[in-house]
Amino acid sequence: MSPPRSKKRRPTFRRLLKTSGVKLENKTKNRQMKQQNVAKKQRKEQKKLRQAVKDNVLSTARPLETYRKTPEEEEAAEEEFLETLPTDMIEEDDLQRMRDMAGHASFITRDLSSCGPVHGGKKRSGEVMRGHEKVPRKLARTEEKEVIHLLPIKDCRGVVPRSVERVVTEQPEEEEEEEEAAAEEPELDYDPEGSAAMTSDQREQLRVNKVNERKLCIARLGSAVVSDPYSNIKMVKQLRGMLMEADPSVAVTVRKLVMVSLMEIFKDVAPTFRIRPLTSEEKASKVKKETQKLRDFEEGLVSQYKFYLEDLEQTVKDWKQKKKKRSQAVGLQSYLGLAQVAVRCLCELLLALPHFNFHNNIVVILVPLMNDAVPQVSGVCCDAFRKLFQQDKEGGASLATVRVISGLVKSLSFNVRPELLRTLLCLRIKEVQMKKDLQDTAPTKKFMNHKEKKKNLSRMQRKWKKAGEKLEQELLEAEATDNKEKKIKLHTETLNIVFLIYFRILKKAQKSVLLPAVLEGLANFAHLINLEFFDDLLNVLQNLVQSGDLTNRESLHCIQTVFTILSGQGDVLTVDPLTFYSQLYRMLLRLHGGAPNDDIIIVLRCLDAMLTRRRKQVTLRRAMAFVKRLSVLSLHVLPNASVGLLAASRATVHAFPKCDFLLDNEVQGSGFYLPELDEPEHCNAQNTALWELHMLQRHYHPVVRRMAAHLSRGAPSDGAAALSADLSRRSPAELFNVYTVKDMTFNPPVAPPGSKKKDRFGSTLLDAELQTRAESALTAEDTELDFTSTH
């Protein structure tokens, strides 16, 4: 019968390997502990040796102090000394010289048995010993050794570990670099007492020399960093040190130069990506020299950039504190100049490095300055954020900025400048994710049991599908292109915050100065508002228009917002905005016609949304009333506005062909035309004619004459009376922007043959009112221009 099998399992080969590795590690630790103990014992022995030497020096017997003898004792001693000398062998001259030397105190004549120095009265002997004790002693140093573990070998005895000891030599490179940097730093000392004794010309010349010296130092350091940033990134610290210039004669100038120089250096040196901090595992791992050099450069760049931004922020804070305290009016202007340069540097970095580190920190610094009372500071910040919104393609920087603006407006209780909200009009948001789109694109939940899953896709097909999805994601990351879905998501979140700002102001601060900017923003982004906000927003805007507290432009923005909503997603709403039609019809004759303004462009956009796009919801009477009032208004405005209004009338005639009744004098309806009535439905516009077109055909502007002649013939699309392609293909708003006042073409109409009376323009005499208005339109500034065609 076989012996019972042991329950203890034999160790496998992997377990043996693991055990050997543990033993090898323990042996290495033991060897290191032994080396540390030996070094510790050597240090103790050296300490004991130093203490023994010190005790031996202190225990040495000192000779007693010798007192000075009396003059009688000195003479007796001298005589005894002379008697002992062999005077018969010494000449008289030598003997006399020795006597003279004996009369002077020197090292030879003093008592050598005493340990005191020559000038014993000035310094005691104990102080001399202390001076000797302070001198460092040179002792034998133990060389530090580093143990390098090699790969183990295996022989008949088993696994044999190997290691090699290497002497560590200290290289004081950092100390040498610090000494060189300290030697290269310019001297910042100044002598106020010496400068006070100089004349004004000498002080100015000294100041110029100092500024030139600092400029050369800045140029040398900056060119060194830009030429080789990987090796000379430490010189940025020296440049930042010059921001603390102490010489009052050149402090402001030098600090401004250093701020701008560092800004240009960071713009050139910073990479086109964000530098992330290294993890602890990455720091502990060994890498190549090139990789370590790159890591050191990135770490130094990020740290110096952070310190530079902190310096700029501190400069702005100092200016703010100085302004609040009002302590010294003389220094206030200098603080303001430094703060303006710091703000400009921050704005440049905001635009040049939107992808680099600390960009959100710059946004947090600059957004409150948009509301500053100093126009130079607030204007620079607002312009910078407008450019940032326009060049931001991804949407991340815009989202961060809008979040900070929202928090600022809420924290200040809507007490901000309108220019801050008008910067939001420059946001590049053209497409967002609507709520109905979210519902349409949401995946439908379909629950399948195991059999259906197995029937639809096999195991291998599911595996291939998962691998394909992973490969597609990697390809998208490798392309490094703008992800459309991510961009739309960022734009949607940005627009939600913008509407949150607008709705807060409409709800809580309707009478603030921000209302025009809010209405303008709503008109600009009205086509992107979700359908769920339409009812509340229409009610608020209707109450604002009917209140009568708004200006013409604010009312126009309200009307534009309403009809932009109704022309887009709001076409499903069964709403008849008759109040807004009447309001716009009433405002047409209140527009300023003698000066260029932007109200006309808003009117043209409103007419396009109210008449052209909503042709099915508008009656013929309403359309004819608007055409008649537009023709009347075109007589009183500038040429570019007349061109836009006539183009709007042409679009209305095309949308409502029966408006040609206004071109026929023989057609008569019931009632009389009431031009002063503000209700377009009841003014009986069908009982009048467009006699204004006959006046406009004699206008001094050729494009106005051409448009009036085209409308008087029924606005045909082809034939001799049709417009050219450059006029027919453009919208009324585009024509208004093209034909501005200063670019208007002056080409008077040719007089018919046989006419005798001509004015100074070469055309037939117009009526007195039109002639006076034509002459007043040609100002002295316009007559100096070269009137050439713009198209």
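This is a predicted model: local features need pLDDT of at least 70, side-chain atom pairs count only at pLDDT 80 or more; totals for chains, interfaces and linings use all residues.
**Why these labels?**

Visitor: Why is lysine 317 called partly exposed?

Guide: Its relative accessible area is 41%. Residues are numbered from 1 along each chain as its sequence is written, and side-chain values use heavy atoms, with hydrogens and water left out.

Visitor: What makes lysine 317 and glutamate 313 a salt bridge?

Guide: The rule asks for a side-chain nitrogen of Lys or Arg within 4 Å of a carboxyl oxygen of Asp or Glu. Here the N to O distance is 3.6 Å, so the pair qualifies. The two sit four residues apart in helix α12 (residues 289-325), which means about one helical turn separates them. A helix here is a DSSP run (H or I, at least four residues), numbered from the N terminus.

Visitor: How do you know that arginine 403 and glutamate 493 form a salt bridge?

Guide: They come to 2.4 Å, N to O, so they pass that rule too. Arginine 403 lies in helix α16 (residues 396-411) and glutamate 493 in helix α21 (residues 484-508), so the pair ties together parts 90 residues apart in sequence. Arginine 403, at 45%, is partly exposed, and so is glutamate 493, at 31%.

Visitor: How many salt bridges does the rule give?

Guide: The count comes to 18.

Definitions and conventions: Buried means under 20% relative accessible area, exposed over 50%, partly exposed in between (1.4 Å probe, protein chains only).
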